[in-house]
Amino acid sequence: MILDQPLKKVFETKPGKDSNLKSLLKSISWRIVGTLDTIIISFIITGQLTMALSIGSVEVISKILLYYLHERVWESATKTKTADAEKEYARS
């Protein structure tokens, strides 16, 4: 793909690490899938499309924020563990 390398520069700050932008875009795409799922389940349970759309629209924003924060916590936790492992390996 022609844009493969330029896109990698945008989405990766270091090799193997996701950038903040990539985490945000992943969270948005996942929320689209999750919100459609919530709307469908809500419609099956309530039988009311308006109620299902209301439930889906309320949860979408909170879930994007929660997923983004979750992704950043995991990214920082991975960095810490990798740095600790490298220090210990250097001592051996």
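**Figure 1. Order of the elements along the chain.** In this predicted model, the elements follow the order α-β-β-α-α when read from the N terminus. Three helices and two strands make up this set. Helix α1 covers residues 4-11 and helix α2 covers residues 20-46, while helix α3 covers residues 49-91.

**Figure 2. Confidence by element.** The mean pLDDT of the chain is 80, and 68% of the residues reach a score of at least 70. Of the elements, helix α2 (residues 20-46) has the highest mean pLDDT, 89. The lowest mean, 62, belongs to helix α1 (residues 4-11).

**Figure 3. Burial, surface and contacts of the chain.** The chain has 92 residues, and 20% of them count as buried. Its accessible surface amounts to about 7200 Å², with 69% of that belonging to carbon and sulfur atoms. For contacts between residues at least 6 apart in sequence, 53% join residues at least 24 apart.

Figure 4. E75 lies in helix α3, which spans residues 49-91. The relative accessibility of E75 is 11%, so this residue counts as buried; the cut-off for buried is under 20%. Leaving aside residues up to four places away in sequence, E75 touches K17 and D18.

Conventions
Residues numbered from 1 in each chain as written. Predicted model: local features only at pLDDT ≥ 70, side-chain atom pairs only at ≥ 80, totals over all residues. Heavy atoms only, no water. pLDDT = per-residue confidence, 0-100. Helix = DSSP H or I, 4+ residues; strand = E, 2+ residues; numbered from the N terminus. Buried < 20%, exposed > 50% of the residue type's maximum accessible area, 1.4 Å probe, protein only. Contact = heavy atoms within 4.5 Å. Areas by Shrake-Rupley, 256 points an atom, 1.4 Å probe, with all protein chains shown as cover.
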